[in-house]
Amino acid sequence: MQDSLAAQETVLVGIVRRAHGVHGAVVVEPLTDNAERWQPGSRLLASGGALGAAGRTLTVQRAQPHSGAALVWFEGVEDREAARALRGCKLAVPVSEVPPPEEGTWYEFQLFGCRCRDAAAGDLGEVVEVLEDGGGLLLVVDDGERRLPVPFVAAFLRRVDVEAKEIDLELPPGLIEACASRS
């Protein structure tokens with residue numbers, strides 16, 4: 001029987017980095033600022049690591065902050081060996097459980113696959129990667145022949161429609177030629 005959580009489109013919220021102690025705790029690198037993800041009773045789809053692609057649903061028993069990460073105990077993970085088996089697992093939630101973003105903001109996962117067009121240069125390709133460079137987000141746009149890092153800043157954005165998977169830009173002259181690299 002297929003798990004109903006596993007059958008849904010999901011969003012990555014954390015990665016299990018390692019076992020902690022002897023009572024089944026794991027250190028999770030959170031990829032969300034939503035602390036509710038780690039509340040008791042929260043269900044997460046775990047895949048990858050020793051679990052492989054099929055994965056399984058894990059329920060949070062308890063959690064606490066731990067050195068910039070989260071220390072998490074899952075129901076049924078009672079000892080160090082069971083915790084070790086989760087190392088490298090990706091933890092996800094259904095898209096339907098992600099609250100809508102504030103007006104004028106977008107989640108990174110919504111930007112992947114968006115087709116980008118520049119007012120002067122036309123079609124640039126689609127977003128294949130989102131990078132944080134310390135000065136903000138960069139969209140890596142690929143058209144099959146070149147990869148172009150595009151600063152995701154209000155000054156260059158004309159329209160973002162994540163439902164239609166479209167981003168219209170007005171890039172400064174010379175940016176494309178200066179920043180594009182051949183794939």
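What is the relative accessible area of Arg-84?

Reply: Arg-84 has a relative accessible area of 44%, which makes it partly exposed. Keep in mind that this is a predicted model.

Now for the partner. The side chain of Arg-84 meets that of Glu-81 in a salt bridge, with N and O 2.7 Å apart. Side chains of opposite charge can pair when their charged atoms come close. Look at where these two sit. Both belong to helix 1, which covers residues 80–84. Arg-84 and Glu-81 are 3 residues apart there, so about one helical turn separates them. Glu-81 has a relative accessibility of 52% and counts as exposed.

Asp-123 is partly exposed at 40%. Arg-115 is also partly exposed, at 32%. Another pair is Arg-146 and Asp-143, with closest N and O atoms 3.6 Å apart. Arg-146 has 19% relative accessibility. The cut-off for buried is under 20%, so Arg-146 counts as buried. Asp-143, at 32%, counts as partly exposed. Salt bridges can also link up. Arg-117, Arg-159, Asp-161, Glu-166 and Asp-168 form such a network.

Then there is a charged residue without a salt bridge. Asp-118 lies in strand 7, residues 115–118. Asp-118 is buried, yet has no salt bridge. Where is the nearest side chain of opposite charge? That is Arg-158, 6.9 Å away.

What does the side chain of Asp-118 have beside it? Start with two backbone nitrogens. The one of Ala-120 lies 3.1 Å from a polar atom of the Asp-118 side chain. The one of Ala-121 lies 2.8 Å from a polar atom of that side chain. Now set aside neighbours within four places in sequence. Asp-118 is then in contact with Leu-124, Leu-169, Glu-170, Leu-171 and Ile-176.

Step back to the whole chain. The secondary structure comes to 3 helices and 13 strands. The chain has 183 residues, and 35% of them are buried. Along its principal axes, the C-alpha trace spans about 60 × 30 × 30 Å.

Next, the strands. Six of them close into a barrel, in the order 1-2-5-4-3-6, with antiparallel pairing. From one strand to the next, the twist averages 45°. Strands of a sheet pair through backbone hydrogen bonds, either parallel or antiparallel.

Strand 1 is residues 10–20, and strand 6 is residues 90–94. They run antiparallel and are joined by 5 bridges. Thr-10 has Pro-94 of strand 6 as its bridge partner. Strand 1 also pairs with strand 2, again in the antiparallel sense, over 6 bridges. Gly-14 stands opposite Pro-30 in strand 2. Strands 1 and 2 make a hairpin, with 4 residues between them. Gly-21 is in the turn and has a positive phi of about 75°.

Strand 2, residues 25–30, is joined to strand 5, residues 69–74, by 4 bridges. These two strands run antiparallel. Val-28 stands opposite Ala-70 in strand 5.

Finish with helix 3, residues 175–179, which holds Cys-179. Cys-179 is partly exposed, with a relative accessible area of 33%. Leave aside its neighbours within four places in sequence. Cys-179 is then in contact with Arg-147, Leu-148 and Pro-149. Now compare Cys-179 with Pro-99. They are 80 residues apart in sequence and 34 Å apart in space, C-alpha to C-alpha.

Back to where you began. Arg-84 is partly exposed, Glu-81 is exposed, and their side chains meet in a salt bridge.

Methods
Residues are numbered from 1 along each chain as its sequence is written. This is a predicted model: local features need pLDDT of at least 70, side-chain atom pairs count only at pLDDT 80 or more; totals for chains, interfaces and linings use all residues. Side-chain values use heavy atoms; hydrogens and water are left out. Two strands pair if DSSP finds at least two bridges between them. Axes are lines fitted to C-alpha atoms, for helices over the stretch in contact, and angles run from 0 to 180 degrees between N-to-C directions. Buried means under 20% relative accessible area, exposed over 50%, partly exposed in between (1.4 Å probe, protein chains only). Lys and Arg count as positive and Asp and Glu as negative; His and the chain ends are not counted. A salt bridge is a side-chain nitrogen of Lys or Arg within 4 Å of a carboxyl oxygen of Asp or Glu. A polar contact is a pair of N or O atoms within 3.5 Å; within protein, one must be able to donate a hydrogen and the other to accept it, and residues adjacent in sequence count only if both atoms are side-chain atoms. Contact means heavy atoms within 4.5 Å.
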